Each structure stands twice: as structure tokens, then as C-alpha cells.
Amino acid sequence: MTAAVEVVAGVDIGGTTTQVVLCAADLGVIDRLGVPTPAAEGGAAMVGAALDALRRLLDRTPCRLLGVGVGAAGVVDARAGRILVASDSFRDWAGFPVTATVEEALGVPASLDNDVNAFLRGEVARGAVAGERHVLGMTLGTGVGGALWLDGALYDGPNGAAGEIGHVPGFGGLRCTCGGHGHLETLASGRSIAARYAERTGRSGARFTARGVAEAAALGDADALAVYEAAGAAVARAILVAAGLLDVTTFVIGGGVSRAWALLEPSLRRTLTAEPPVSGHPVRVLPAALGDDAVAVGAASRVRAGLDRVTRA
Ligand SMILES: [Zn+2]
């Protein structure tokens with residue numbers, strides 16, 4: 001009889017899809033499954049759907065589960081393993097004890113992370129910035145998220161909000177979803193790209209998506225190109241602020257908007273070249289490499305690190 005492969009699982013509970021992966025010791029993905037997130041049915045249903053998907057993976061892949069890492073949108077209390085603040089699209093999610101529920105159901109250790117932090121952990125563990133010691137990660141999704149990896153560890157700050165680059169001011173005067181003005185998010189999020197395009201084309205009533213604007217840009221639509229150009233330049237300025245403040249020179253950009261990398265990159269590179277950081281060290285900006293697996297792999301890497309600490313102690 002051969003010993004079963006030991007795995008950790010990673011779970012990414014997103015607004016529409018829950019992605020579950022099984023990872024080997026090197027965090028390589030052995031198997032994966034995406035299922036719809038029952039966000040309107042409450043926390044128990046959401047974690048239940050993730051556990052069902054995980055059980056299906058365990059049924060078809062003979063292995064021994066050592067732990068489960070969860071990444072979730074919103075403000076989380078990683079230490080207590082609980083969701084603190086969730087968006088309106090999630091019902092009964094704030095306050096939900098995620099790690100306790102998973103540990104009780106499966107009898108293995110669980111961890112919880114904010115999804116942007118988990119994204120960065122994933123890209124540092126196995127992705128575009130594998131093995132880097134200092135990285136700022138940005139996700140250009142519905143909103144703009146950010147996370148910091150300093151001296152080889154996630155730095156989340158005294159209030160858990162370090163790296164929130166999407167909501168720093170200095171990017172014009174438009175109103176942000178958070179209530180502030182002139183934040184990076186007003187130019188570089190998926191929602192903003194759609195809104196800025198609607199404004200430029202005088203079709204404020206129309207429902208655009210960032211992907212639709214990217215398709216128009218690819219066909220040479222000047223307004224669509226201008227919106228992506230403004231987004232790329234804004235991301236570059238945010239990168240320069242972070243590089244100047246923290247002496248971080250490696251950046252990884254993920255999220256749905258980053259799939260239009262060819263549209264963002266020219267203005268991003270131009271802005272970086274025009275205003276190089278005062279340190280004189282070149283800035284490296286990379287598109288994320290793990291795609292839909294990044295958050296789940298990052299969550300798995302966190303629970304894996306916890307197991308390694310226990311083994312060594
Ligand atoms: Zn904001």
C-alpha cells in the first residue's frame with residue numbers, strides 16, 4: 001500500500017464563483033473545481049457550497065487533506081477566522097465564523113484571508129513574482145484592491161488595511177465608491193472603466209462592462225482606448241508613489257481588468273519611464289500569472305505555512 005499524497009486545499013469565495021483547489025506540498029495545483037457562490041443564501045450556504053466542492057475533489061483525487069485555506073472578499077479578521085464587513089451582495093456574511101465552520105466540518109486546521117492578500121500570497125508562492133521578498137500586489141477588479149509583501153511576509157498593518165492603494169487620493173476629482181474623491185479606483189477599476197467610457201461617449205444610460213470597452217478598444221474605438229490609457233497611467237502613478245514610499249520595485253497586477261494587459265501596458269510603461277523612482281532602481285511590473293487560481297493558491301499557501309510552523313516547533 002502506498003501512502004496517500006498529502007494536500008492542502010485553497011478556497012476562493014468570490015461574489016459569483018467559488019474556486020476550490022487541491023495543492024501538493026510545493027503548492028502546485030493537483031485538481032480544481034469552480035462552483036457558483038450562493039451569496040444571497042447566507043454564510044452557512046456559501047461555506048457549505050465550498051465544502052461540497054472540496055468533498056467532490058477529495059472523492060476523485062486519492063489524498064490526505066492536511067488543512068484548508070480560505071480567501072474571501074471583504075474585511076476579514078484573519079486571527080479570529082471571521083468575516084468582519086461584507087458587501088451588500090453577500091447575505092449574512094459579516095460575522096460568519098469561517099474557519100471554525102470549516103474546521104468542525106473537516107477536522108483539519110483552517111485559515112482565513114482577505115482575497116487581495118490571498119491573491120498576493122498566491123503570486124508570491126507560485127506565480128509571476130515567485131520567491132520575491134518585497135512586492136506590492138494590485139487587483140483591478142470590480143474595485144481596486146492592494147496588498148503588501150515586505151521582507152518575505154504579508155504586511156497588513158495595525159488595522160489590517162495596509163496596501164489599500166485603490167483608495168489613495170491624487171487621481172483627479174471623481175467620486176469613489178467608498179465616498180472619497182479622486183481615488184485610483186475611479187480610473188482603474190472595472191466599474192470605473194465602464195463608467196468613464198459611458199461618460200466620454202455621452203451614453204450614461206447604457207450598461208457597459210470593462211470587457212466590452214476592451215473589445216471596442218481592440219477594434220480601434222478612440223474613446224475606449226483613451227479610457228484604458230488613463231487607467232494604465234493611473235496605475236503607473238500609484239506604482240511610483242508606492243515605490244517612492246516603500247522602496248518596493250516589484251509589482252504584480254491581477255483582477256479581471258488586467259486581462260486587457262495589452263491595453264494598459266503602453267501608457268503604464270510610458271508613465272514609468274517619464275518619472276522613474278528617485279531610488280534609481282528600475283521598477284518591474286508584471287501581470288498576474290495564476291489567473292482564477294491565485295486567491296485559492298494563496299489561501300492554501302497560508303494554511304500550509306501554518307502547518308510547517310507546527311511541524312518545526
Ligand atoms: Zn475610494
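Predicted model: local features only at pLDDT ≥ 70, side-chain atom pairs only at ≥ 80, totals over all residues.
Visitor: Which strands are the edge strands?

Guide: Strands (E, at least two residues) and helices (H or I, at least four) are DSSP runs, numbered from the N terminus. The open sheet has 5 strands in the order S10-S9-S8-S11-S12, with mixed pairing. An edge strand pairs on one side only, and here these are strand S10 (153–155) and strand S12 (284–287).

Visitor: Which residue in the turn between S5 and S6 has a positive phi?

Guide: Strand S5 (residues 75–77) and strand S6 (residues 82–85) pair in the antiparallel sense over 3 bridges. In this pairing, Val75 stands opposite Val85. The two strands form a hairpin with 4 residues between them, and the turn residue with a positive phi, about 70°, is Gly81.

Visitor: How far does helix H7 reach from its first C-alpha to its last?

Guide: Helix H7 covers residues 222–246, which makes 25 residues. The expected span is 1.5 Å times one less than the number of residues. For H7 that expectation is 36 Å, and the helix comes close to it, reaching 36 Å.

Visitor: How many of the residues in the contact of H6 with H7 are charged?

Guide: The axes of helix H6 (residues 210–218) and H7 come within 7 Å and cross at roughly 115°; axes are lines fitted to C-alpha atoms over the stretch in contact, and angles run from 0 to 180 degrees between N-to-C directions. Val213, Ala214, Ala216 and Ala217 in H6 meet Ala224, Leu225, Val227 and Tyr228 in H7 (two residues are in contact if their C-beta atoms, placed from the backbone, lie within 7 Å). Ala, Val, Leu, Ile, Met, Phe, Trp, Tyr, Cys and Pro count as nonpolar, Asp, Glu, Lys and Arg as charged, and the others, Gly among them, as polar. The contact has 8 nonpolar residues, no polar ones and, as for charged ones, none.

Visitor: How far apart do the C-alpha centres of domain 1 and domain 2 lie?

Guide: The domain assignment gives domain 1 (5–119 + 292–312) and domain 2 (131–288), with bounds taken from an automatic or database assignment. Their C-alpha centres are separated by 27 Å.

How values were computed
Residues numbered from 1 in each chain as written. Pairing = 2+ DSSP bridges.
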